[in-house]
Amino acid sequence: MQIDGDILEARIARGCRCFVARADDEVVAFGWLATRTEWIGELELEITPGEREAYIWNCATHPDHRRQGFFRAIVNGIAAQARREGLSRLWIGTIDIPPAKAVADVGFVPALRFTTVWHAGIRWLRVRRAEPSDIDLQTAARQVMAIRGRPLRIGTSMKRAVQRHH
Ligand SMILES: CC(C)(COP(=O)(O)OP(=O)(O)OC[C@H]1O[C@@H](n2cnc3c(N)ncnc32)[C@H](O)[C@@H]1OP(=O)(O)O)[C@@H](O)C(=O)NCCC(=O)NCCS
């Protein structure tokens, strides 16, 4: 699996960690863990995990090795390591695809649901409360995705689309 060397170095430099799964000697899946501010490209929002929290992102399995449990193993492995390190909460974002069920099995519960549309250089975003989820969890999720100090607003918003290579 390949990733741009500059991007890899930048991620490591800002404190992200990469967890990998191997088949024989070959890396066939990976997932990243961040404890500081990270860009969520799928939403064009930043997430800043709270104290003793972290964010799992950019998980992928090589196409030749999919549906063999590698994604599940990566998320499980990161969660186990986070527990050992005394973290109290992990955040993760999933898109609406079948493998996302592995995330629920590990114990993640939905806090917020998002719909995004890109059109004519504009990013349109809809944020909804996940049902069922408790209000404290929703509040915490909105807080880690605060914009200029204000908790992420429930509802719709638009902004100029921007891409970041991160
Ligand atoms: C999403 C992705 C990481 C899944 O990786 P994977 O190693 O194939 O996932 P797993 O084998 O651990 O599968 C997890 C569960 O989802 C199921 N699953 C995986 N792909 C599936 C598919 N295409 N259709 C139906 N079920 C699927 C598996 O059967 C497994 O469930 P089970 O343990 O009950 O059998 C991989 O498809 C990928 O790299 N996609 C491109 C990057 C991406 O979309 N990342 C976002 C992740 S939210």
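I began with E44, which counts as buried at 5% relative accessibility (buried means under 20% relative accessible area, exposed over 50%, partly exposed in between, with a 1.4 Å probe and protein chains only). E44 lies in the loop between β3 (38–40) and β4, and its phi is near 55°, a positive value in a residue other than glycine. Helices (H or I, at least four residues) and strands (E, at least two) are DSSP runs numbered from the N terminus.

This is a predicted model, in which local features need pLDDT of at least 70 and side-chain atom pairs count only at pLDDT 80 or more, while totals for chains, interfaces and linings use all residues. Residues are numbered from 1 along each chain as its sequence is written, and side-chain values use heavy atoms, with hydrogens and water left out.

I then turned to A120, in the loop between β7 (112–119) and β8, where phi is near 50°, again positive in a residue other than glycine; A120 is exposed, with a relative accessible area of 70%. In the loop between β8 and α4 I found P132, joined to E131 by a cis peptide bond with omega of about -10°.
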